[in-house]
Amino acid sequence: MDLDEVETVVRDALAKDGRLSTESSRRAGYVDILIRLSRPDSADAASRHARIWSSGVEAFFLDVPNGFKYQEFDWEREGQLAVLGLLAALAREYLLGRFQEKEERISFGRQRRYLEIAVGGDSYRLYR
C-alpha cells in the first residue's frame, strides 16, 4: 500500500460524514492526515482534531490531543485497509464527542488515563 492509497482510504472512509474535513502532508516517506470538524458546534468541538499517520507499509497511528494514541501494525494489504478503516472510525467518533475519558489503576497504585471509544460493537482504548 503506498502513501496515495493511505490518503484515499482515509478520505473515503470519512467522506460518508460531511462534517469532517482532512488535509494531508508528506515528509520523509510518511503521510500525515489531519482531521477536523468542518462545522464545529462548540468551542470544545472546535479544538478537537485527530491525526492519522503512516509509512504506508506496516505501521498506522492515530493521535488526538493530550497525548492519547492508538496504533496498529499489519503487513497484508487487506489488514492494512481494515486498520485504516478502524482508525478513521475512531477519529470520527472522537471528533463527534462520542468517547469517555477514564482512569485505571496500574502498578504501585498509580493511575493511567485513557479514552474509551466504541466502534462496531467493540471498545477501543487510546492511551497516553
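Is R77 buried, partly exposed or exposed? R77 is partly exposed, with a relative accessible area of 38%. Buried means under 20% relative accessible area, exposed means over 50%, and partly exposed lies in between (1.4 Å probe, protein chains only).

This is a predicted model: local features need pLDDT of at least 70, side-chain atom pairs count only at pLDDT 80 or more, and totals for chains, interfaces and linings use all residues. Residues are numbered from 1 along each chain as its sequence is written, and side-chain values use heavy atoms, with hydrogens and water left out.

**View 1. R77 and E5 form a salt bridge.** A salt bridge here is a side-chain nitrogen of Lys or Arg within 4 Å of a carboxyl oxygen of Asp or Glu. The closest N and O atoms of R77 and E5 are 2.3 Å apart. The pair links distant parts of the chain, 72 residues apart: R77 sits in helix α3 (residues 77-95), E5 in helix α1 (residues 3-15). Helices are DSSP runs (H or I, at least four residues), numbered from the N terminus. E5 is partly exposed, at 24% relative accessible area.

**View 2. K69 meets D63 in a salt bridge.** The N to O distance is 3.5 Å. K69 is partly exposed at 44% relative accessibility. D63 counts as buried, at 17%.

**View 3. R92 pairs with E93 in a salt bridge.** N to O, the distance is 3.1 Å. R92 is partly exposed, with a relative accessible area of 24%. E93 is buried, at 9%. Elsewhere, salt bridges that share partners join K102, E104, R112, E116 and R125 into one network. The structure holds 15 salt bridges.

Key:
Helix = DSSP H or I, 4+ residues; strand = E, 2+ residues; numbered from the N terminus.
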